[in-house]
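Take a walk through this structure, a few residues and elements at a time. Keep the sequence and the 3D view side by side.

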Amino acid sequence: MLKKELRASYLEKRLALSDTEYADRNQKLVDNFFTSIDLTGVNVIHVFLPMIKYKEPDIWPILERIKKEKPLIRFSIPRVNYKSQELENFYFESPDQLKENKWGIQEPQFGERAHPEDIDLVIVPLLAVDKHGHRVGYGKGYYDKLLGLCKPTCLKVGISLFEPIEKIEDVNGLDVALNFCVTANS
């Protein structure tokens with residue numbers, strides 16, 4: 001399938017999840033994240049802040065557990081720069097620095113800047129992913145640009161409520177593949 005078709009299909013599929021299914025899949029994602037991802041040597045993790053009302057994977061429990069078990073790890077969170085069409089990154093300090101943008105995404109309004117070259121692991125939002133690590137996001141390319149600025153050793157991890165599909169048909173040279181994707185089943 002093409003990205004446009006996958007985007008529409010997976011948005012609909014995600015919104016069709018019952019509250020119970022959504023909660024169950026999120027709990028499995030959290031469990032699978034910690035059995036799949038080694039945080040040894042990780043100092044900075046870039047994370048997206050989920051839009052729960054659109055049933056994006058709820059990664060808050062992952063952040064809370066990391067904060068509790070690995071208190072020295074810092075979190076980088078994004079804010080869209082509409083002029084440059086890129087993500088600006090800030091260290092997460094507290095919920096007080098967050099404000100909802102026009103898309104309903106919580107963004108930092110102030111704080112210490114985080115630089116892409118300092119990021120060791122990026123938890124990447126996605127709608128669909130294929131077995132080759134290519135993803136479909138919301139179509140603006142913000143994360144592909146960010147991933148291109150990160151150091152080569154940066155681990156790129158997708159988080160998905162659904163299993164990977166076989167292949168995304170219209171992958172292009174600007175798409176940055178993931179190293180790994182955590183799903184509710186793996």
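Contact here means heavy atoms within 4.5 Å. This is a predicted model, in which local features need pLDDT of at least 70 and side-chain atom pairs count only at pLDDT 80 or more, while totals for chains, interfaces and linings use all residues. Residues are numbered from 1 along each chain as its sequence is written, and side-chain values use heavy atoms, with hydrogens and water left out.

K3 is found in helix α1, residues 3-15. Helices (H or I, at least four residues) and strands (E, at least two) are DSSP runs, numbered from the N terminus. The side chain of K3 makes a polar contact with the side chain of D175, at 2.6 Å. A polar contact is a pair of N or O atoms within 3.5 Å; within protein, one must be able to donate a hydrogen and the other to accept it, and residues adjacent in sequence count only if both atoms are side-chain atoms. K3 has a relative accessible area of 13%, so K3 is buried. Buried means under 20% relative accessible area, exposed means over 50%, and partly exposed lies in between (1.4 Å probe, protein chains only).

I168 lies in the loop between β9 and β10. Its relative accessibility is 1%, so I168 counts as buried. Leaving out residues up to four places away in sequence, I168 touches M1, K3, L6, A128, V129, D130, H134, R135 and V136. How far is I168 from Y91 in sequence and in space? They are 77 residues apart in sequence and 33 Å apart in space, C-alpha to C-alpha.

Now turn to strand β10, residues 180-183, where T183 lies. T183 is buried, because its relative accessible area is 0%. Its side chain makes a polar contact with the side chain of E163, at 2.7 Å. Apart from neighbours within four places in sequence, T183 is in contact with K28, L29, N32, S160, F162, E163 and P164.

Next comes a pair of helices. The axes of α2 (residues 19-36) and α3 (residues 60-69) come within 9 Å and cross at roughly 45°. α2 and α3 are therefore oblique to each other. From α2, the contact is made by V30, F33 and F34; from α3, by P61, I62, R65 and I66. By class, this contact has 6 nonpolar, no polar and 1 charged residues. Ala, Val, Leu, Ile, Met, Phe, Trp, Tyr, Cys and Pro count as nonpolar, Asp, Glu, Lys and Arg as charged, and the others, Gly among them, as polar.

Helix α4 covers residues 142-149, and Y142, Y143, D144, L146 and L147 in it are buried. What covers these buried residues? The cover includes β1, β2, β3, β6 (121-124), β8 (135-136) and β9 (155-160).

Finish with two loops. Most residues other than glycine have a negative phi. K55 is not a glycine, yet has a positive phi of about 55°. K55 lies in the loop between β1 (44-47) and α3. K55 counts as buried because its relative accessibility is 12%. Q85 also has a positive phi of about 55° and is not a glycine. Q85 is found in the loop between β2 (74-81) and β3 (86-91). At 30% relative accessibility, Q85 counts as partly exposed.

Note on methods
Axes fitted to C-alpha atoms, helices over the stretch in contact; angles between N-to-C directions. Parallel < 35°, antiparallel > 145°, perpendicular 65-115°, else oblique.
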